[in-house]
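Here is a briefing on one protein model. Start with the charged pairs, then turn to the fold and the strands.

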Amino acid sequence: MVQIYMRTNTPFSGSCTVMNPPNSVQSKTVSGHIEDMTLLMETSDFDYIYTDTFKIHCKFEIFHTITNKAIHMNVLPSTVYSEVVNFEDLTLDQFEPENGDSITFIIDKEQHVIPKKLLYATNSNYFKNICLTYKEDKKELTNELTRNNEVQAFKYLLSFITNGSIKQVQDDYDMLKKLLITADRYDVSALKLTCEHYLLRYITIENVVELIKLASSSNAKFLESHSSTFFKLYKNDITNTKKFQNLSSEDSCKIMELIENSKICETSTPQFSLTPNCEKY
């Protein structure tokens, strides 16, 4: 068994796609918050290894923000870095917990088998508690998830934990909103931040109020900050929309207070780091 881990001095938010061998249709993507010793790939297929040096191809996508001249605010394109990485004589520690047990989550009679080490690596209090205290190897969640109307979102959450990607929903605005709420409820911060980034690609004058309310209720600070900046820049147009005018006086006052206290921020990624530099608007 060969395991490939990410080594980085500075954590960053983005994604890494591992292609092995080069030009292979097989690939693995890990996205969200990536830090030192993040597991990128695990394989037992040695057919393509012919030398003592093991080569893999990685494509890095770093979430960052730039100034868009059309709307004068930060939006979310990305920079892609590609390079060949060589691994020689690599020795790695095991993720906690040390055992190789898995937990089977049962949802609508579907079974989702997730290794405990992946659940623990999310740094989610919910999943870490399950790993450390849950005695059974199966957990039925159908009734709980149905009651909260988050069956499909939770399935995508488990898929993210397993594959590190939400490619299947990144173009689905409504599901991204549900997934953000679910990620917040179950304390999966990497998924939450990933949803925030993708949701900002859909921001408009018509839906910015909705996104600000969503960010506030989900404690999504990145989404809240950039949605507030957008509101400031288009304040007159937004306050004339039906969605804003139909808000309760309490909600409209909360939003306007948030907007008045907001700052226009630009983030950069020196050495793969998200460092905000803000100036009062």
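Asp251 is partly exposed, at a relative accessible area of 25%; the class covers values between buried (under 20%) and exposed (over 50%), with a 1.4 Å probe and protein chains only. Asp251 forms a salt bridge with Lys213, and the closest N and O atoms are 3.8 Å apart. The term requires a side-chain nitrogen of Lys or Arg within 4 Å of a carboxyl oxygen of Asp or Glu. This pair links distant parts of the chain: Asp251 sits in helix H11 (residues 249–261), Lys213 in helix H7 (residues 208–217), 38 residues apart. Lys213 is partly exposed too, with 38% relative accessibility.

The model is predicted: local features need pLDDT of at least 70, side-chain atom pairs count only at pLDDT 80 or more, and totals for chains, interfaces and linings use all residues. Residues are numbered from 1 along each chain as its sequence is written, and side-chain values use heavy atoms, with hydrogens and water left out.

**Other salt bridges**

- The count of salt bridges comes to 10.
- Side chains of opposite charge can pair when their charged atoms come close.
- Glu150 pairs with Arg185 in a salt bridge, with 3.0 Å between the closest N and O atoms.
- That pair also links distant parts of the chain, 35 residues apart: Glu150 is in the loop between helix H3 (142–147) and helix H4 (151–163), and Arg185 is in helix H5 (residues 173–185).
- Glu150 is buried, at 3% relative accessibility, whereas Arg185 is partly exposed, at 45% relative accessible area.
- Asp174 forms a salt bridge with Lys177, the closest N and O atoms lying 3.5 Å apart.
- Both Asp174 and Lys177 lie in helix H5; they are 3 residues apart, about one turn of the helix.
- Asp174 is partly exposed at 45% relative accessibility, while Lys177 is buried at 16%.
- A network of salt bridges links Asp174, Lys177 and Glu210.

**Overall fold**

- The protein has 11 helices and 13 strands; these are DSSP runs numbered from the N terminus, helices being H or I with at least four residues and strands E with at least two.
- The chain has 281 residues, and 46% of them count as buried.
- Contacts are heavy atoms within 4.5 Å.
- Among contacts between residues at least 6 apart in sequence, 63% join residues at least 24 apart.
- The protein exposes about 15400 Å², and carbon and sulfur atoms supply 46% of that area. Accessible areas come from the Shrake-Rupley method with a 1.4 Å probe; for residues, only the protein chains shown count as cover.

**Strand E9 and its partners**

- Strand E9 (residues 102–107) is largely enclosed by the rest of the structure, because 5 of its 6 residues are buried.
- E9 pairs with strand E10 (residues 110–115) in the antiparallel sense, over 6 bridges. Two strands pair if DSSP finds at least two bridges between them.
- Ile103 stands opposite Ile114 in E10.
- E9 and E10 form a hairpin with 2 residues between them. Asp108, in the turn, has a positive phi of about 50 degrees.
- E9 is also joined to strand E11 (residues 138–140), by 3 bridges, and these two run parallel.
- Ile106 has Glu140 as its bridge partner in E11.
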